[in-house]
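The sequence and the model are shown first, and a description follows.

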Amino acid sequence: MNGGTTSAATVSGASYAQARIHFLHTMAGQSAAFNIARAVDLEGDLDIGALAWGVCECAARHEVLRACFRVLNGQLRQIVIPRGPGLTVIDLRALTGQSGSQADGTLAVGLAQQEAQKPFDLARGPLLRMTVLLLGERRSLLLITLHHIIADGQSLEILLRELSVLYTSRTTGVPHRLPVPELQYVDYAAWQRQRVEGGSLDADADFWRE
């Protein structure tokens, strides 16, 4: 999906890995143990509108970035909502000084740590938070926090790469060449459950029992 979102929420099954993480998250209570956080220094003039557009486009392209998780009729379900997370902007330039120097970054570090430790509500979402801290006229800090139920280290790198491409496209006016995703994570979850429930792994299970 590229350039838009669906008109209504969709409900589908979760993968076994997502079910495991959901169980552990529930047992841990209000915990940030499954948070994945990254802070990215941004140097130069920042086009906040272009960055916000890139965040929305990434969420439009990848349904899992718009997902939350609820137990319905005893089964964990992945609910993809129409609208994705937005970009939060916090202007710290009056506090850190116009230069945004490293020496003035103590507040930014504290906010980054606080953001990384903020728990997610899996039932409500969003499970992706994007916050940009404006530290100086030409220095900003982008904070990205995701729950592990929707991402891992590799998918975070994909998100960062696509966000960079989309931002550049928006600021230069040159169309990007990112391919439309052929599959979504819900497709993988459906394939995985079909294999297990269809008996495709019975031979492997018999081998390990033996």
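## A salt bridge between E115 and K118

K118 has a relative accessible area of 37%, so K118 counts as partly exposed. Its salt-bridge partner is E115, and the closest N and O atoms of the pair are 3.4 Å apart. E115, by contrast, is buried, because its relative accessible area is 9%, which is under the 20% limit for that class.

Both residues belong to a predicted model. Side chains of opposite charge can pair when their charged atoms come close.

## Overall organisation

The protein chain contains seven helices and seven strands. Read from the N terminus, their order is β-α-β-α-β-β-β-α-α-β-β-α-α-α.

Of the 210 residues in the protein chain, 38% are buried. The accessible surface of the protein chain amounts to about 11800 Å², and carbon and sulfur atoms account for 54% of that surface. When contacts between residues at least 6 apart in sequence are considered, 74% of them join residues at least 24 apart.

## Helix 2 and its surroundings

Helix 2 covers residues 48-61, a run of 14 residues. From its first C-alpha to its last, helix 2 reaches 20 Å, close to the 20 Å expected at 1.5 Å a residue. The N-terminal end of helix 2 is capped by D47, which has a side-chain oxygen 3.2 Å from the backbone nitrogen of G49.

The buried residues of helix 2 are A50, L51, G54, V55, E57, C58, A59, A60 and R61.

## Salt bridges across the chain

A search of the whole structure identifies eight salt bridges. One of the pairs in the model joins R138 and D45, whose side chains meet with an N to O distance of 3.1 Å. This pair links distant parts of the chain, 93 residues apart: R138 lies in the loop between strand 6 and strand 7, while D45 lies in the loop between strand 2 (35-43) and helix 2. R138 is partly exposed, because its relative accessibility is 49%, whereas D45 is exposed, with a relative accessible area of 61%.

Another salt bridge brings together the side chains of E162 and R61, at 2.9 Å from N to O. Here too the pair links distant parts of the chain, with E162 in helix 5 and R61 in helix 2, 101 residues apart. Both E162 and R61 are buried.

## A nonpolar patch on the surface

Which residues form a nonpolar patch on the surface? The patch consists of F23, L24 and M27, and together these residues have about 340 Å² of accessible area. L24 is located in helix 1, which comprises residues 16-28. L24 has a relative accessible area of 38% and is therefore partly exposed; membership of a patch requires over 30%.

Key. Residues are numbered from 1 along each chain as its sequence is written. This is a predicted model: local features need pLDDT of at least 70, side-chain atom pairs count only at pLDDT 80 or more; totals for chains, interfaces and linings use all residues. Side-chain values use heavy atoms; hydrogens and water are left out. Helices (H or I, at least four residues) and strands (E, at least two) are DSSP runs, numbered from the N terminus. The expected span of a helix is 1.5 Å times one less than its number of residues. Buried means under 20% relative accessible area, exposed over 50%, partly exposed in between (1.4 Å probe, protein chains only). A polar contact is a pair of N or O atoms within 3.5 Å; within protein, one must be able to donate a hydrogen and the other to accept it, and residues adjacent in sequence count only if both atoms are side-chain atoms. Patches are made of residues with over 30% relative accessible area and no salt bridge: like charges are joined within 9 Å, nonpolar side chains (Val, Leu, Ile, Met, Phe, Trp, Tyr) within 5 Å. Accessible areas come from the Shrake-Rupley method with a 1.4 Å probe; for residues, only the protein chains shown count as cover. A salt bridge is a side-chain nitrogen of Lys or Arg within 4 Å of a carboxyl oxygen of Asp or Glu. Contact means heavy atoms within 4.5 Å.
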